[in-house]
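Could you walk me through this model in the viewer, one selection at a time? I would like to know what to click on next and what is there.

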Amino acid sequence: MRQRAEPQDFERVLSSMCTVPHPVARQAAERFLATNPGDPGTYETVAELEDEAVDALGELTGLTDPAGYVASGGTEANIQALRIARNRADTDDPNVVAPVHAHFSFTKAADVLDLELRTAPATDYRANTDAVAELIDDDTVCVVGVAGSTEYGFVDPIPAIAELAHDVDALCHVDAAWGGFYLPFTDHSWHFGHAAVDTMTIDPHKVGQAAVPAGGLLARDDSLLDDLAVETPYLESTSQLTLTGTRSGAGVASAVAAMDELWPAGYREQYDRSMDNAEWLADQLRARGHDVVGPELPLVAADLSVPMTDELRERGWRVSKTGAGEMRVVCMPHVTRSMLRSFVADLDWY
Ligand code: 0PR
């Protein structure tokens, strides 16, 4: 192992959903490196900080009395949400209905939990609620809506999805892992205050500017989390509802520090800056004759050719492709206008 290996810098990273942690988040992470919120009897301070994190996430998402915890990331939060839905349902043949653009963590969740995952087609990049309705039946335990899709940054019609879920007594889970820290500053209906949402994924380690790992699972009330509890005979606490055992106190502390510092004014400024950047980039690409999808949230997808995208990669730009082949730029907090200007200059060179 090289002693002085340096982490990747963010100067040309346009494809990541992680970002540079806010300085206060970095500092808090370092202070809490050796704490384990999985053992609240021993690590009391970080356990209290976790309650603060959940309260702050509740404020962002329209919940006055939130339940939840800081997970290892969106994947764990999505798995746990489906686990709640499966455990509380009364069926031997449970299924989950999600739009086709739901993140691949739902495929993992279905596999681990032995659930059938039914995916509904989208119309204009959002869940088609007629198609969702067609897949729902009496064995449906959860209907998923995505608020900020991974590939295009679009928001599903959450209120309609919640209604469909509740018609069959299934839970409604919203995946706002990426979009959750941008959406409070938009007029989308996406959170617990807008619709009968039961559980939500919202990750401080993405747009929240916390250190990795800090994902978020929220539930409308505590009783939903009871479905996750297992007994912990030799710990001071009597049960545990997280999927992992030892967890990152650094993630928890940095999430609290970032949200204390940035909610709401700092996150609002970030949203305004990132959305301006995304719109600017979309205009630049359209002016050069490309078809552009969005931006609905700060994420731009455009039909750049594969050789063009490859050339940009050669030049050090970290850009990724959607499943349909479009180049995708995620306007995270570290993505500045001057980065995008030099990206466009490289495009013009091509
Ligand atoms: N839900 C949504 C909507 C997501 O976009 C993601 C991750 C997840 C859930 C899962 O979250 P975790 O990765 O925290 O478990 N979206 C990104 C993706 O898969 C994750 C990512 C992050 C990719 C940083 C690259 C990267 O550099 O593309």
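Before the first selection, a word on naming: helices (H or I, at least four residues) and strands (E, at least two) are DSSP runs, numbered from the N terminus. Keep in mind as you go that this is a predicted model.

**Stop 1: a loop threonine**

Select Thr186, which you will find in the loop between β7 and β8. Show its side chain and look for two partners. A polar atom of that side chain lies 2.8 Å from the backbone oxygen of Leu183. The side chain of Thr186 also reaches the backbone nitrogen of His188, at 3.3 Å.

**Stop 2: the aromatic cluster**

Stay in this region and select Trp178, Tyr182, Phe185, Trp263 and Tyr271: together they form one aromatic cluster. Across the whole structure there are eight aromatic pairs. How are the rings of Trp178 and Tyr182 arranged? Their centres are 5.6 Å apart and their planes meet at 75 degrees; planes over 60 degrees apart count as edge-to-face, so this pair is edge-to-face. Colour by accessibility and you will see that Trp178 is buried, at 2% relative accessibility, and that Tyr182 is buried too, at 0%.

Now move to Phe185 and Trp263. Their rings make a tilted pair, with 5.9 Å from centre to centre and 40 degrees between the planes. Where do the two residues sit in the fold? Phe185 belongs to the loop between β7 (171–175) and β8 (199–201), while Trp263 belongs to the loop between α8 (249–262) and α9 (265–287), so the pair ties together parts that are 78 residues apart in sequence. Trp263, at 22%, is partly exposed, because buried means under 20%.

**Stop 3: a charge over a ring**

Next, select Arg315 and Trp349. The charged end of Arg315 sits over the ring of Trp349, 3.7 Å from the ring centre.

**Stop 4: the ligand**

- Gly74 contributes a backbone N or O atom, 3.0 Å from a ligand oxygen.
- His205 contributes a polar side-chain atom, 3.0 Å from a ligand oxygen.
- Lys206 contributes a polar side-chain atom, 2.8 Å from a ligand oxygen.

**Stop 5: between β8 and β9**

Follow the chain into the loop between β8 and β9, where Gln209 has its place. Check its backbone: although Gln209 is not a glycine, its phi is positive, about 65 degrees. Gln209 is also buried, with a relative accessible area of 7%.

Pro213 is found in this loop between β8 and β9 as well. The peptide bond joining Val212 and Pro213 is cis, with omega about 5 degrees.

Then select Gly215, which lies in strand β9 (residues 215–219). Gly215 is buried, with a relative accessible area of 0%. For a distance to draw, pick the C-alpha atoms of Gly215 and Val144: they are 71 residues apart along the chain and separated by 18 Å.

**Stop 6**

Select Gly294 and Pro295, which are joined by a cis peptide bond with omega about 5 degrees. Pro295 is found in the loop between β12 (292–293) and β13 (299–302).

Finish at Asp114, in the loop between α4 (105–113) and β3 (116–120). Asp114 is not a glycine, yet its phi is positive, about 60 degrees. Is this residue buried or exposed? Asp114 is exposed, with a relative accessible area of 66%.

Note on methods: Residues are numbered from 1 along each chain as its sequence is written. This is a predicted model: local features need pLDDT of at least 70, side-chain atom pairs count only at pLDDT 80 or more; totals for chains, interfaces and linings use all residues. Side-chain values use heavy atoms; hydrogens and water are left out. Rings of Phe, Tyr and Trp (its six-membered ring) pair if their centres lie within 6.5 Å; planes under 30 degrees apart count as stacked, over 60 as edge-to-face and the rest as tilted. Buried means under 20% relative accessible area, exposed over 50%, partly exposed in between (1.4 Å probe, protein chains only). A charge sits over a ring if NZ of Lys or CZ of Arg is within 6 Å of the ring centre and within 35 degrees of the ring normal. A polar contact is a pair of N or O atoms within 3.5 Å; within protein, one must be able to donate a hydrogen and the other to accept it, and residues adjacent in sequence count only if both atoms are side-chain atoms.
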